[in-house]
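Open the model in your viewer and keep the selection panel at hand.

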Amino acid sequence: MNATNLFYSKGSKSFIFFFLLLIITFSLNGQNKQTKPALDSAKVKELHNYIKWSTNYATQKLFDSAMKYTARADILANELNDVNLSGLVTYNSGKIYYWYANTSRAKDILQANLDATELHDSIQLKTLGIYSEILRYEHNFNGALEHLILAEDILLSHDQITTRDSLSLGLIYLNIGRLHYDFENMKRAKDFYEKALLY
């Protein structure tokens, strides 16, 4: 075998070795990649029903029944092991404790959502909104304003403002206007009310 044939022979062996190494690497990566199992749609529907029922009972001031369904929703969310469903249950629980006038418990519950980094924007917005409302109820107007500004930042970070985003922005500006009214800063309140009207 001459030198040229030897070079090509070694080169092709190296290429084949490298190619096989790539295939093995990709197949191992594919095996190691965790695929998230699909959520049980019947259980997800059941969880949403618990949330709806707990909210309905809470609006009627039947808090024992509301708490019962909130607890069931929490158990189901843990079983389903989905961060957004857990976040939704957390938001609902915090809201119900706020309606029950237990604001410290409501804030403790909602803090889990405020600390979460992987929650869907819609759940973060709901959480920031209710947390701001709680702080306003406690006359912590600065804290309430800070949480509304965080909610505004989330919406304005979207590449495209949807109709739903527009409605949320309108409500945020309306609530910021209410806070400036609480501060007795009527000029700023009027500015934000007018800004809300745009949405």
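Start by selecting helix H5 (residues 103–115) and helix H6 (residues 121–137), which pack at an angle of about 150° with axes 10 Å apart. Axes are lines fitted to C-alpha atoms, for helices over the stretch in contact, and angles run from 0 to 180 degrees between N-to-C directions. Helices are DSSP runs (H or I, at least four residues), numbered from the N terminus. H5 and H6 are therefore roughly antiparallel to each other (the term covers angles over 145 degrees). The crossing of H5 past H6 is left-handed, meaning that the near helix is turned anticlockwise from the far one by less than a right angle.

Now show the side chains between them. On H5, pick Thr103, Ala106, Lys107, Leu110, Gln111, Asn113 and Leu114. On H6, the contact uses Ile123, Thr127, Leu128, Ile130, Tyr131, Ile134, Leu135 and Tyr137. Contact means heavy atoms within 4.5 Å. Colour by class: 10 of these residues are nonpolar, four polar and one charged. Ala, Val, Leu, Ile, Met, Phe, Trp, Tyr, Cys and Pro count as nonpolar, Asp, Glu, Lys and Arg as charged, and the others, Gly among them, as polar.

A note on the source: this is a predicted model, with local features needing pLDDT of at least 70 and side-chain atom pairs pLDDT 80 or more, while totals for chains, interfaces and linings use all residues. Residues are numbered from 1 along each chain as its sequence is written, and side-chain values use heavy atoms, without hydrogens and water.

H6 passes H7 in a left-handed crossing. Among the contact residues are Leu125, Leu128 and Tyr131 of H6, with His147, Leu148 and Ala151 of H7. By class, this contact has 11 nonpolar, four polar and two charged residues.

Next, jump to helix H3 (residues 63–80) and helix H4 (residues 83–99). They pack at about 165°, axes 9 Å apart. H3 is thus roughly antiparallel to H4. This crossing, too, is left-handed. Contact residues include Phe63 and Met67 of H3, and Ile96 and Trp99 of H4.

Last stop: the largest pocket, about 610 Å³ in volume. On a 1 Å grid over the protein atoms alone, a pocket is an open set of points where a 1.4 Å probe fits, with protein on both sides within 12 Å along at least five of seven lines; lining residues have an atom within 4 Å of a point. Grid points are joined across faces, edges and corners, and the volume is the space filled by probe spheres set on them. Of the 26 lining residues, select Leu125, Lys126, Gly129, Ser168 and Leu171, the closest to the centre. H6, helix H7 (141–156) and helix H8 (163–182) each supply at least two lining residues. H6 gives the largest share, 10 residues.

Key: Parallel < 35°, antiparallel > 145°, perpendicular 65-115°, else oblique.
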